[in-house]
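Colleague: Before I plan around this chain, could you take me through its fold and its buried residues?

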Amino acid sequence: MQMTEAYGRLSHDGAAYWPILLDRVKRMWTTEPEFTRVEVENIEAATIFIVGDIDLIMLEYAIEMYRVIPHAQLCVMPNAGHGVLPQELILAFLQETSATVCQDGG
């Protein structure tokens, strides 16, 4: 299943929002972050960090973000570099998040 289709099926925003999300992620990575620790600690959205064990992102940084954001998840992919996208893991995360939102009435 394509990520766009999966996102459209699981997100209340619909598949049309997928390119917007990707654009926002791209802008996030290409601009200097301006978030304070308090702002990061107050993130309520479901969050997963996926990094490779040979990623250019330092593992320590990913672990710190995982620890700071409440209820975040962390996945370290073995023998993987930057940009690893384990589709089954991402789909499972989206389905879990979708189920939680539905149970909470969101």
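**Fold and buried residues**

Modeller: The chain holds five helices and two strands, where helices (H or I, at least four residues) and strands (E, at least two) are DSSP runs numbered from the N terminus. This is a predicted model, in which local features need pLDDT of at least 70 and side-chain atom pairs count only at pLDDT 80 or more, while totals for chains, interfaces and linings use all residues. Residues are numbered from 1 along each chain as its sequence is written, and side-chain values use heavy atoms, with hydrogens and water left out.

Colleague: Which pattern does the chain follow along the sequence?

Modeller: The helices and strands number five and two. Read along the sequence, their pattern is α-α-α-β-α-β-α.

Colleague: Where does α1 place its buried residues?

Modeller: Buried means under 20% relative accessible area, exposed over 50% and partly exposed in between (1.4 Å probe, protein chains only). In helix α1 (residues 3-10), the buried residues are Ala6, Tyr7 and Leu10. Seen down the axis of α1, with directions taken from the helix axis to the C-beta atoms, these residues fall within an arc of 100 degrees, so they line one face of the helix.

Colleague: With which side chain does the side chain of Asp55 make a polar contact?

Modeller: Asp55 lies in the loop between β1 (48-52) and α4 (59-68). Leaving aside residues up to four places away in sequence, Asp55 touches Ala80, Gly81 and His82, a contact being heavy atoms within 4.5 Å. A polar contact is a pair of N or O atoms within 3.5 Å, where within protein one must be able to donate a hydrogen and the other to accept it, and residues adjacent in sequence count only if both atoms are side-chain atoms. At 2.8 Å, the partner of the Asp55 side chain is the side chain of His82.
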